[in-house]
Amino acid sequence: MAVFKGAGVAIATPFNQDGSVNYDEFARLIEYQIANDTDAIIVCGTTGEAATMSEKEHMDVVKFCIDKVNHRIPVIAGTGSNCTQTAVELSKEAEEYGADAVLSVTPYYNKATQDGLVAHFGAVADAIKIPVIMYNVPSRTGCNILPATAAKLVREKDNIVGIKDAAGNLSQTAEMMHLTDGAIDLYSGNDDQVVPIMSLGGIGVISVLSNVAPKQTHKMCELALKGDFAGAADIQLKAIPLIKALFAEVNPIPVKKAIEFLGFEAGPLRLPLTEVSPEHAQQLKKAMQDFGLI
């Protein structure tokens, strides 16, 4: 049984002007997502700015999200680290708080070998009983989970169940699905590749787009899961200008501005991320208007 199928939102974390977490607004964002058909919430990932949180703050946000959602939809906790022991400890704490699964990114900066990745993800999986979804995003980590490595991990560890594939390489994705005989829960990690990845056996997306277009992203996945790839592709292609605008600068810079355009108080970004440029903000607003969001 998959942790979820459909559109999971990689939810942004709103901050107060002093840089602290704005829990009141975070609660509003969670309720907005649930009310608009999001299938799962992924908390404290890249979009949630977990990289600039202390470990205590990180886990406080995870616990708040789990408690607020209260089993209405799955909550997947981002617990990755470039230090294996830290990833293990964060994952154990997320399990204690009631997370439905963890999302574990490849160790960034260290640039582990494939054997290192097997040992890293294996250590995380051995430390907990809940499912582990690996996160492959070489453009941000400098480290790529090769298809044979993903297949080995899924074969050898019962609770390594899936992968968020943001490698952007459909040939690699196809090879991975071949080597696993489809026995891996595949989620697109790129909003512009949801339908292509689902056509290869994917079961959904872990999405930035869902922060501002949850209903549309859910519907796209729903249609693809039903085999209506033409209908899903129609949504995918219409969303391309908005997706392009959401990634005009490094994520989550644009999406926090987009959340503000929806009427939420996203607050400032934490350094080294800075405010989106006026030019890109205008491009984003127009794309949201054209997509019918504002």
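1. Strand β3 spans residues 75-78. V75 and A77 point one way from β3, I76 and G78 the other, and all are buried (under 20% relative accessible area with a 1.4 Å probe, protein chains only). Strands here are DSSP runs of E, at least two residues; helices are runs of H or I, at least four, and both are numbered from the N terminus. In a regular strand, side chains alternate between the two faces of the sheet.

2. The model is predicted: local features need pLDDT of at least 70, side-chain atom pairs count only at pLDDT 80 or more, and totals for chains, interfaces and linings use all residues. Residues are numbered from 1 along each chain as its sequence is written, and side-chain values use heavy atoms, without hydrogens and water.

3. β3 pairs with strand β2 (residues 40-43) in the parallel sense, over 3 bridges; pairing takes at least two DSSP bridges. V43 stands opposite A77. From β2 the chain passes through helix α2 (residues 55-69) to β3, a right-handed β-α-β crossover (clockwise from first strand over helix to second, strands pointing away from the viewer).

4. β3 also runs parallel to strand β4 (residues 101-105), joined by 3 bridges. G78 has L103 as its bridge partner in β4. Helix α3 (residues 84-97) carries the chain from β3 to β4, and this β-α-β crossover is right-handed.

5. The whole structure holds 1 cavity of 30 Å³ or more. A cavity is a set of points on a 1 Å grid over the protein atoms alone where a 1.4 Å probe fits but cannot get out; lining residues have an atom within 4 Å of a point. The lining of the largest cavity includes I253, K256 and E260.

Conventions
Buried means under 20% relative accessible area, exposed over 50%, partly exposed in between (1.4 Å probe, protein chains only). On a 1 Å grid over the protein atoms alone, a cavity is a set of points where a 1.4 Å probe fits but cannot get out, and a pocket is an open set with protein on both sides within 12 Å along at least five of seven lines; lining residues have an atom within 4 Å of a point. Grid points are joined across faces, edges and corners, and a volume is the space filled by probe spheres set on the points.
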